[in-house]
Amino acid sequence: MDSQKDRKAAILAATLSSLWTDTEPAVRERVTAIALADADAISDVFYAILLERPDSNTFLSHTLVQERLRPSLARWIGALFTASTDEAIAAVLEQNYQIGLIHARINIPLTLVNAGMRIIKKELSARLLAADLSRAQTASAILFVGELLDTVLDNMHEAYLGDLLGNVRHQQSLKMFMSGPNLALEGERLKSSLFDWLRNTVVSFYAHEDGSHASPPPIESSDFGLWLNHKAELTFGRVTELDLIRERTSRISAKVSAAVEGGWITPAFVKELNNDVTEIAYVLGTIIGKAMEIESGRDPLTRLLTRRFMPAIFQREVAISLRHGKPFAVLLMDADHFKTINDTLGHQAGDSVLSDMAELLHTHVRAGDFVFRYGGEEFLVLLTEMDEASLRVKAEWLRQTVEEHRFNGAGKGLRVTASIGAALHEGHPDYEHTVRRADAALYEAKRQGRNRVVIA
């Protein structure tokens, strides 16, 4: 993959080098001078125009994005039109490749990227038409700008499309991963959650001695509801059975609200509600039965999600968070002094600790959350629909759970502690921004002495 990227980068570098060589020096110098002098003004126009487009709101409305991107674009313009040496051209191409990966990661439409490049091209061309160049030089300068921008756009698109195709493959692998043998246990857990919700709802109907009916917990907030909103489609794809489950769930929610408001809770209504929930459980069992034989892509030691599934999951959670205003949180957990366990008890004992910790995490998060083997002794947990207060409670509870657990490394009943860094998604369209904040918080937790939680 890297060799293919290098070959394509070499072709683009040769194209840019020839472009600089074949263009008249006076024309090159005039284009460079204008680009450097007007980079800030062009950046302002760029964002003023794009911010008016409805398809850009998700990506450009965040204050941090605007504060960083305006000066970054100006610097990018300056670097692009001064990159005349092989080293500078290589640096520009690598930067543009990374920009393309970011565009793919946050799902910026290619039409928006192309529109932005047209703005830059138009603004530079207008300035060249007003410059003190001959007619032939003006034409040469505009062609030079157009070819240069088209070449770097190709470079961005190469990264974008490569990442996009890889993500599609990962989504398919993710579907296979989440449909493995453990899905049978997950299915029983979900059914149990569903009937727990039913029991709690019925209890709330008759809990008041005065005959009034309390509002039951919404089914959407149950473990089953969170799973349905965040994981179901990733597990099974877009199948008709899920549409049926969503329709039944929405119908139950509406019926319960109407019954409570209208005061017509009766044994017949409770029986009808039980039938609806039983039907959902049956359909869920049918889907799971179809998916049971598929399995692929698990971390071989912990059986958790691996990092390659992060783009598919995080991009969807960012979209849900931005659309519904329900932020997710990222929690990074690192087993403290893990190297000591490997060095003193052996790697088999270390592997046993990691397996235990993975099982501990998976058991103590909700059905709608995601647990990843992030690398080495580090785990990443994506907590859906979180607020800061809940995040603090959840992170501290997980830390205490690890501290109180007896791990089976070398049969010693080991005590292991964990450091945790956590961050709440603040609306930034690039999920890596939240992951980096959690990583910085984890580093701070270690710096402060380990076995603690730090919230970004």
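This briefing walks through the main features of one protein chain.

The model is predicted, so local features need pLDDT of at least 70, side-chain atom pairs count only at pLDDT 80 or more, and totals for chains, interfaces and linings use all residues. Residues are numbered from 1 along each chain as its sequence is written, and side-chain values use heavy atoms, with hydrogens and water left out. The chain has 17 helices and eight strands. Both are DSSP runs numbered from the N terminus: helices are H or I with at least four residues, strands are E with at least two.

**The whole chain**

- Of the 456 residues, 48% count as buried. Buried means under 20% relative accessible area, exposed means over 50%, and partly exposed lies in between (1.4 Å probe, protein chains only).
- The chain exposes about 21,500 Å², and carbon and sulfur atoms supply 54% of that area. The areas come from the Shrake-Rupley method with a 1.4 Å probe; for residues, only the protein chains shown count as cover.
- Take the contacts between residues at least 6 apart in sequence: 76% of them join residues at least 24 apart. Contact means heavy atoms within 4.5 Å.

- H17 covers residues 431-447. Its 17 residues should span 24 Å at 1.5 Å a residue, and its end C-alpha atoms are 25 Å apart, which agrees. The expected span is 1.5 Å times one less than the number of residues.
- Asp430 caps the N-terminal end of H17, with a side-chain oxygen 3.1 Å from the backbone nitrogen of Glu432.
- Buried residues of H17 include Ala438, Ala441 and Leu442.
- Gly421 lies in strand E7 (residues 418-424). Gly421 is buried, with a relative accessible area of 0%.
- The C-alpha atoms of Gly421 and Tyr443 are separated by 7.4 Å, although the two residues are 22 apart along the chain.

**Helix H13**

- H13 (residues 310-324) has 15 residues. From first C-alpha to last, H13 reaches 21 Å, close to the 21 Å expected at 1.5 Å a residue.
- Among the buried residues of H13 are Met310, Phe314 and Ile320.

**Positive phi angles**

- Most residues other than glycine have a negative phi.
- Gly449 follows H17 and has a positive phi, near 125°. Gly325 follows H13, and its phi is positive too, near 70°.
- His337 is not a glycine, yet its phi is positive, about 50°. His337 sits in the loop between strand E2 (329-335) and H14. His337 is exposed, with a relative accessible area of 51%.
- Asn451, also not a glycine, has a positive phi near 55°. Asn451 lies in the loop between H17 and strand E8 (453-455). At 22% relative accessibility, Asn451 counts as partly exposed.

**The largest pocket**

- The largest pocket has a volume of about 810 Å³.
- Its lining has 30 residues, and Tyr47, Leu69, Ile99, Ile102 and His103 lie nearest the centre.
- H4 gives the largest share of the lining, seven residues.
- A pocket is an open set of points on a 1 Å grid over the protein atoms alone, where a 1.4 Å probe fits, with protein on both sides within 12 Å along at least five of seven lines; lining residues have an atom within 4 Å of a point. Grid points are joined across faces, edges and corners, and the volume is the space filled by probe spheres set on the points.

How values were computed
Polar contact = N/O pair within 3.5 Å; in protein donor to acceptor, adjacent residues only side chain to side chain.
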